[in-house]
Amino acid sequence: MQNKIAHAAERKAFELVLDGVMKYAKKDRTKGFVQVVNAIEKVLGDVWSPQAYESLRKFLGTDSKWSRQLSHILDTVDPFVLKTLMLNAGYEGGFRGFRDTQKNAEKYGCSIPYIVLFDPTSACNLHCTGCWAAEYGKTLNLSFEDMDSLVSQAKELGTHNFFMTGGEPMVRKADIVKLAEKHRDCAFMLFTNGTLIDDAFCQDMKRLGNIWLSLSIEGFEEATDSRRGKGTFKRVMAAMDKLHSYGLVYGTSICYTSVNYKDVTSDEFLDFLISKGVLFSWYFHYMPVGNDASTELLLTPEQREYMYHRIREIRDWEGGKPIFTIDFQNDGEFVGGCIAGGKYYCHVNANGDVEPCVFIHYSSANIHNMSWIDCLRQPLFLAYQKNQPFNDNMLRPCPMLENPEKLVELVHQTGAVSTDLLSPESCEHLCGKCTEYAKNWQPCAQHLWETSHPEKVAAEKVAQ
């Protein structure tokens, strides 16, 4: 009880600070942004380093790209939506929640993720080339009770950020709204194809404030429609316009391949996304998951190095573009390598299987017959955490793509089984598709790592 009272008091203090600073920022943006950083530092203390706060003050307190972007967000996003997401995703999930997950990690002897990704359904209204999602009528679903139980148990351990994919999660939008309404202290992000967004759902998003979206596209109209079906691109653009008119928060989710990597990071494409109100973009490296997956879409070392430099150029403090970007494969250095296996995140499929990652379909735990904490303590997750990072070079983070021998070892060591919903794939077959890629990427990754982190390389040599 005492802990709940302290939690409520701290949240209220954070909320009052946000109210005051957002009001002040409308009068004097740059000074207001500095006040935001000062207020956050007072409330959160040593959650961040003094240098981090100072860097934020430096770049937000001047007429920089990111101070202008923050001004743009204040001008275009509904104030209630913005404040709710900052409270739920920021305070509950990123700060207090993170502290709670760390405490519970010590208590239970396993990592507690601060993001849980789950699939409400395997159903989808599209038939995208290469996608495993089942058709309507031949689906697996997590019931509302399943999702409610998962969120409730995860919250008890400190997790307040939940992402959803599928299939197409919007097939279950009524239950998603119901879930977000029940758990008003959580943030829910949906990876969606965007074609099922309507006014009613936008109104629910605006009313609740704790749902945000990441719309999947492949590039411009020709590239998107060639994979997702004729007319899909125009439907997604109409959805963006609708979301923007309601003052909601949304971005894009982009899988980059050997074919589209330059197109989806071009100035023309990024300028177009920004003009459509897109605030962020998640970039995912193509993964050859599935028995029939092609290896031709895997990038060459030269192509991946291009992505490494290009994403950093886009989001640099100066220059680039006013859109926040993350490249999950090349940004391992900022999160200590692989974040899966419960370290910071894990995945629950529509059958209830708890997997290390949305791309790695192996498990020995299911939410239908195990508690959430026991799912997190499954042998595969504990083995993951014991072996993380899988490589001292954080540009080679994944136990499948860059260190394929590692995943084979972990799966056999722990007795995990394939959880693929359509065509079970052996870990030898999956990782075999990555062996040549990993071998070719290694010297390039090593050169980039030594060039960008000479002090770490020197420390590693001394330690050896």
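This is a predicted model: local features need pLDDT of at least 70, side-chain atom pairs count only at pLDDT 80 or more; totals for chains, interfaces and linings use all residues.
User: Which residues make up α6, and how far does the helix reach?
Analyst: Helix α6 covers residues 144-156, which is 13 residues. From its first C-alpha to its last it reaches 18 Å, close to the 18 Å expected at 1.5 Å a residue.

User: Which of its residues are buried?
Analyst: The buried residues of α6 are Phe-144, Asp-146, Met-147, Asp-148, Leu-150, Val-151 and Ala-154.

User: And what covers them?
Analyst: The cover includes the strands β1 (115-118), β2 (161-164), β3 (187-192) and β8 (345-348), along with the helices α7 (173-182) and α13 (372-376).

User: What about the residue Gly-158, what is its phi?
Analyst: Gly-158 follows α6 and has a positive phi, near 115 degrees.

User: Switching topic. Where is His-183?
Analyst: His-183 sits in the loop between α7 and β3.

User: Buried or exposed?
Analyst: His-183 counts as buried because its relative accessible area is 3%, and the cut-off for buried is under 20%.

User: What is it in contact with?
Analyst: Leaving aside neighbours within four places in sequence, His-183 is in contact with Asp-148, Val-151, Ser-152, Lys-155, Phe-188 and Asn-210.

User: How does the lining divide by residue type?
Analyst: The lining of the second largest pocket has nine charged, seven polar and two nonpolar residues.

Terms used
Residues are numbered from 1 along each chain as its sequence is written. Side-chain values use heavy atoms; hydrogens and water are left out. Helices (H or I, at least four residues) and strands (E, at least two) are DSSP runs, numbered from the N terminus. The expected span of a helix is 1.5 Å times one less than its number of residues. Buried means under 20% relative accessible area, exposed over 50%, partly exposed in between (1.4 Å probe, protein chains only). Contact means heavy atoms within 4.5 Å. Ala, Val, Leu, Ile, Met, Phe, Trp, Tyr, Cys and Pro count as nonpolar, Asp, Glu, Lys and Arg as charged, and the others, Gly among them, as polar.
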